[in-house]
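Subject: Structure for you to look at

Hello,

Here is the structure I said I would pass on. My notes follow below the entry.

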Amino acid sequence: MIREYRTIEEVAGPLMLVRKVDGVKYDELGEIELPSGETRRCRVLEVNGSNVLVQLFESSAGLNLAHSKVRFSGHGVELPVSEDMLGRVFSGMGTPIDGGPKIIPKASLDINGTPINPAARNYPNEFIQTGVSTIDGLNTLVRGQKLPIFSGSGLPHANLAAQIARQASVRSDSTDSKFAVVFAAIGITFEEADFFISDFKRTGAIDRTVLFINLASDPAIERISTPRMALTAAEYLAFECDMHVLVIMTDITNYAEALREVSAARKEVPGRRGYPGYLYTDLATMYERAGRKMGSEGSITMIPILTMPEDDKTHPIPDLTGYITEGQIILSREMFRKGYNPPVDVLPSLSRLKDKGIGEGKTREDHAGTMNQLFSSYARGREAKELMVVLGEAALTPVDRLYAKFSDEFEKRYINQGFNENRSIEETLDLGWELLRILPRSEMKRISPKILDKYWPRDEVQS
């Protein structure tokens, strides 16, 4: 039997204290009924004897303590799930906002999920093609991986997120039709939300996508649930429907700010820069829900996107994210000023699992060699250009001048792809070979002679 309580003691921001409560558990979902009949949702944050601290999902404005009632549901926050979610747009709390009917659920799942047992995890080792050369060619995304994108305020990470959601696919023809995207937009503006929805509808990507939209005007507390709603939908599609799911979440910084707001309201002792001391643990409970399970055909691959405050990689949010995930793609303000899109800074970017998803049978036999040679040549070209600024072009050797030329062409043609071009991995690798031919063959020291003989045109003059 569900009991109602009229013992609301105090409201402070998004938190509310209810006294003389019996049989309520941590994380349980509650409902507050106002005298007008309006209902607002809440969640149990803390239980101390018969006193319960709850967190409001909506605003506390207009809440009459004496005449409002609280009842608890006996279960946590749940999301109704079904394959019919594909092609639909939901609020941050899982309510349809696209004008369509409610989902007829096949199940209702707790949004906190169940961690994947490490002993039951399969190692990520299959290539996912995003159509973006700087990712596919140099920092390859592998099925089951967590690969965040570190951006800065004002950089076009939203365009890159939409491009990846549009273009991403599993290479195998037998599994391509079972690929889905779950897109969680956290604390974004109405204009950004409209951009994502209209872009997915325009390109047809909406048919294989589930969107969860939390606007900046929505209660901050809702942001804490939005990514978990998205991951719950992803887990159902991956492990119940055997689909390969790519989860894209933007912006994790807004999520962490909401976490800090709740922590401050609870008067918790702050950690680095005011964020709660459990920020690492909290982020890990989300990120570690990605992966592959033994005995399951499906998988969850995650691309969290976060804006670094003041472009600072040592800020707690990117710093802790880097510890939990397997690499990072870094967007550069310098590349953006040059007009290159996507403005990926190749040299500090990293995918720790890239070697597991490339090579013969996955991408192409020459992938590892060309990737290493492009990295090496671009790094040397950048050094040559820096020397050119200090000493002048005349001070460089002829080979260094070729490296400087390679660096410019690499940025203009390889990195500067645009947000509407979808390159296959073969096109990316062929472009890499074309750029490497700016340099003498004798400089190809990171590619095996066998691969070099096969892909370097024999009619060219050997250097």
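At what angle do α7 and helix α8 pack, and how far apart are their axes? The angle is about 50° and the axes are 10 Å apart, with helix α8 covering residues 316-324. Please keep in mind throughout that this is a predicted model.

**Helix packing around α7**

Two packed helices are described by the angle between their axes and the distance between the axes. On the α7 side the contact is made by L279, Y280, L283, A284 and Y287, and on the α8 side by P316, L320, T321, Y323 and I324. By class, this contact has 9 nonpolar residues, 1 polar residue and no charged ones.

Helix α7 (residues 279-287) also packs on helix α6 (residues 252-265), here at an angle of about 135° and with the axes 11 Å apart. That angle makes α6 oblique to α7. The crossing of α6 and α7 is right-handed. From α6, the residues I252, Y255, A256 and L259 meet L279, D282, L283, M286 and Y287 of α7. The contact of α6 with α7 has 8 nonpolar residues, no polar ones and 1 charged residue.

**Helices α11 and α12**

Another helix pair is α11 (residues 398-415) with α12 (residues 425-436), packed at about 155° with 10 Å between the axes. Angles over 145 degrees count as roughly antiparallel, so α11 is roughly antiparallel to α12. α11 passes α12 in a right-handed crossing. In α11 the contact residues are F406, E409, F410, R413 and Y414; in α12 they are T428, L431, G432, E434, L435 and L436. Sorted by class, the contact of α11 with α12 comes to 6 nonpolar, 2 polar and 3 charged residues.

**Sheets**

An open sheet of 7 strands has the order β1-β7-β4-β5-β6-β3-β2, with antiparallel pairing. β1 (4-5) and β2 (8-12) are its edge strands, and each pairs on one side only. Within this sheet, β3 (residues 15-18) and β6 (residues 51-56) pair in the antiparallel sense over 4 bridges. V18 stands opposite V52 in β6.

There is also an open sheet of 3 strands, in the order β13-β12-β15 and again with antiparallel pairing. β13 (141-142) and β15 (169-170) stand at the edges with a single partner strand each, so one side of each has no neighbour in the sheet. Strand β12 (residues 127-129) runs antiparallel to β15 and is joined to β15 by 2 bridges. Q129 stands opposite S169 in β15.

**Aromatic pairs**

How many aromatic pairs does a search of the whole structure find? The search finds 10. One involves F183 and F200: the ring centres are 5.4 Å apart and the planes are at 80°, so the pair is edge-to-face. F183 belongs to strand β16 (residues 179-188) and F200 to helix α4 (residues 190-203), so the pair ties together parts that are 17 residues apart in sequence.

**Backbone points to check**

Most residues other than glycine have a negative phi, and most peptide bonds are trans. The following residues are listed with that in mind.

- The peptide bond from T250 to D251 is cis, with omega near 15°. D251 is in the loop between β18 (244-250) and α6.
- N341 and P342 are joined by a cis peptide bond with omega of about -5°. P342 lies in the loop between α9 (333-337) and β22 (350-351).
- D242 is not a glycine, yet has a positive phi of about 55°. D242 is in the loop between α5 (222-239) and β18.

Regards

Definitions and conventions: Residues numbered from 1 in each chain as written. Predicted model: local features only at pLDDT ≥ 70, side-chain atom pairs only at ≥ 80, totals over all residues. Heavy atoms only, no water. Axes fitted to C-alpha atoms, helices over the stretch in contact; angles between N-to-C directions. Parallel < 35°, antiparallel > 145°, perpendicular 65-115°, else oblique. Left-handed = near helix turned anticlockwise from the far one by under 90°. Contact = heavy atoms within 4.5 Å. Nonpolar A, V, L, I, M, F, W, Y, C, P; charged D, E, K, R; others polar. Pairing = 2+ DSSP bridges. Phe/Tyr/Trp six-rings, centres within 6.5 Å; stacked < 30°, edge-to-face > 60°.
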